[in-house]
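Here is a short briefing on one protein chain. Have the sequence and the model side by side as you read.

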Amino acid sequence: MATGRGRALRLYGSRAAPAGAAEVGPFTPPAAAAAAGPRNRSRSFAARPEERSETVKTGIKNLYLMPSMKPKPSLCIESMPSEMLMKIFSYLDAVSLLCVGCVNKHFYHLANDNGIWLKIYSSCFQPKGAIWKMKSEETETVSLDCAALHDRKPGYWKKEYIFKQIAAVKARVMRLVKAVDPYTGLPCKNKEAMKASGLSWIIVLQDKNGKEHVMEKANLSFKDTSVTILWYSTNWPCLDILSTLRLFGVMPLLPDQSRDPSKNRPRRRSLIAEYRLANLTESSVAVGADKLVQLFRLNPGLLVGLWKEKNEIAFVMASLHYHQLLERSTLGSATVQYALPPNKPVLDDVDPEYGLHDYNLHLDMHGGSCTYLCGTFKSLFCRKGDIANGYLRLTVVSLKDNTKHLPLTGTLGLSWETDVFKGNVKDCYVMDVTLLDETGKPFWCFSAPVYMELSSKASSLYDYMGHIYTTDYTDLEGKVSVKLVWLEETKEYFIVNLVLYISTKKVNNWYGTNY
């Protein structure tokens with residue numbers, strides 16, 4: 001059993017040696033130990049046994065009664081007095097102060113101090129009942145009413161500052177989206193409005209254990225009626241463990257002071273769409289492939305590229321139509337999507353074909369950086385006799401009228417890229433449809449990746465001798481059917497037939513009719 005006796009001997013043995021004795025201990029230099037020799041060592045222990053025993057006992061007693069030396073605590077900002085912390089926080093800007101408030105509960109209460117936030121508020125917005133005094137070339141706001149600090153709950157001026165900043169940004173955005181393009185029925189400066197609000201988009205991948213993987217690095221491509229977002233990374237989670245993918249619109253809480261798109265800044269999320277990734281290759285639609293990747297489409301408007309060899313995610317692409325995109329990207333919550341306001345139908349008892357005519361279509365076909373078609377088609381209509389199987393038939397390009405057949409610029413294909421590779425998937429592209437009603441309001445809008453299929457039928461048209469391709473798209477509100485002919489001589493595609501099928505349910509809800 002260990003008693004500590006040996007340790008006491010080592011610590012205190014050498015101190016008990018009388019003056020002039022050549023005693024050897026653990027702290028004796030080697031030269032002295034050699035000079036002392038074995039004879040002196042034995043004599044030193046046997047010289048005064050009573051004194052030696054008493055010394056050892058005293059050493060053991062002092063060893064156990066000696067107070068333990070605790071290490072001094074390291075200095076930490078959390079251990080500072082609240083007054084000092086408040087002084088430090090008073091030099092922070094609004095964004096930094098919001099971040100500090102997320103550290104712990106103590107910092108949160110200190111960062112809610114009305115005095116600090118009133119100073120920040122006054123530097124941007126002059127409060128009512130304030131006078132201005134000049135001191136050493138600095139302008140300070142001195143409130144005339146002390147109730148502004150003492151009679152307000154903690155955090156009052158923080159909320160006032162945040163609400164005022166959001167209102168200012170909203171007013172600036174509303175001015176940008178006020179002008180409407182007569183061809184698309186959409187705001188003319190959608191792109192500028194999104195940049196002014198600081199809006200961006202992220203995807204959150206959730207695995208079967210509930211762990212979330214956030215992907216923020218993306219390339220944006222703005223078109224006339226939509227924006228295409230491409231996320232790519234070398235650190236995608238394994239596809240087999242993923243369950244869902246959620247698309248969010250993200251906006252900084254204080255856009256004016258959050259120019260840096262750092263994910264550590266305070267931001268708000270708005271859920272746009274949620275997709276199921278379980279059994280992706282079986283539950284989605286394959287829309288094309290090249291040598292490296294294979295593409296799968298998930299409605300609405302999502303494209304997932306998988307590496308052929310590993311069957312893992314290479315990139316994710318989303319196509320978002322501009323129609324109410326700002327509202328969907330900012331007014332929802334982190335768990336609930338923004339609900340579009342219902343249209344109030346305007347009844348018309350005079351027109352027997354109300355809701356069947358005067359539709360305008362704006363159509364875009366593009367594949368990343370290339371635009372293949374951008375056109376507007378006016379005065380589309382459907383006769384009552386053409387309503388069949390719950391759909392209105394709107395013929396945009398007729399197979400019989402070759403004067404309206406449309407050539408496409410370039411060879412159809414969808415461009416993609418990652419950190420290392422880039423490519424182009426042939427016969428795949430993005431289709432943007434914007435259908436306006438007779439008043440010019442957006443009636444049916446979507447942006448989605450589609451693909452062409454080679455038809456088994458040969459061209460029966462006299463003017464065209466080549467292969468026929470078809471493109472079809474379907475959602476809950478309608479269908480699109482496109483027929484194209486490939487001309488080998490000129491190396492271009494021609495749209496020879498384009499038909500929209502609109503759900504009668506949507507028409508009846510929009511116009512208050514009963515078709």
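Thr 504 counts as buried because its relative accessibility is 11%; buried means under 20% relative accessible area, exposed over 50%, and partly exposed in between (1.4 Å probe, protein chains only). This is a predicted model: local features need pLDDT of at least 70, side-chain atom pairs count only at pLDDT 80 or more, and totals for chains, interfaces and linings use all residues. Residues are numbered from 1 along each chain as its sequence is written, and side-chain values use heavy atoms, with hydrogens and water left out.

**Thr 504**
- Thr 504 sits in helix 13 (residues 504-511). Helices (H or I, at least four residues) and strands (E, at least two) are DSSP runs, numbered from the N terminus.
- Leaving aside neighbours within four places in sequence, Thr 504 touches Ile 387, Gly 390, Tyr 391, Leu 392 and Tyr 515. Contact means heavy atoms within 4.5 Å.

**Whole chain**
- The chain has 13 helices and 24 strands.
- Of its 515 residues, 41% are buried.
- Among contacts between residues at least 6 apart in sequence, 60% join residues at least 24 apart.

**Helix 7 and helix 9**
- The axes of helix 7 (residues 114-124) and helix 9 (residues 156-176) come within 7 Å and cross at roughly 25°. Axes are lines fitted to C-alpha atoms, for helices over the stretch in contact, and angles run from 0 to 180 degrees between N-to-C directions.
- Helix 7 is therefore roughly parallel to helix 9 (angles under 35 degrees count as roughly parallel, over 145 as roughly antiparallel, 65 to 115 as roughly perpendicular and the rest as oblique).
- Residues in contact include Trp 117 and Tyr 121 from helix 7, and Trp 157 and Tyr 161 from helix 9.
- The residues of this contact divide into 8 nonpolar, 2 polar and 3 charged. Ala, Val, Leu, Ile, Met, Phe, Trp, Tyr, Cys and Pro count as nonpolar, Asp, Glu, Lys and Arg as charged, and the others, Gly among them, as polar.

**Helix 10**
- Asn 190, Ala 193, Met 194, Ala 196 and Ser 197 are buried in helix 10 (residues 190-197).
- They cover an arc of only 160° around the axis, so they lie on the same side of helix 10. The arc is that of the directions from the helix axis to the C-beta atoms.
- Gly 198 follows helix 10, with a positive phi near 75°.

**Backbone**
- Asn 299 and Pro 300 are joined by a cis peptide bond, with omega about 5°.
- Asn 389 has a positive phi near 55°, and counts as exposed because its relative accessibility is 78%.
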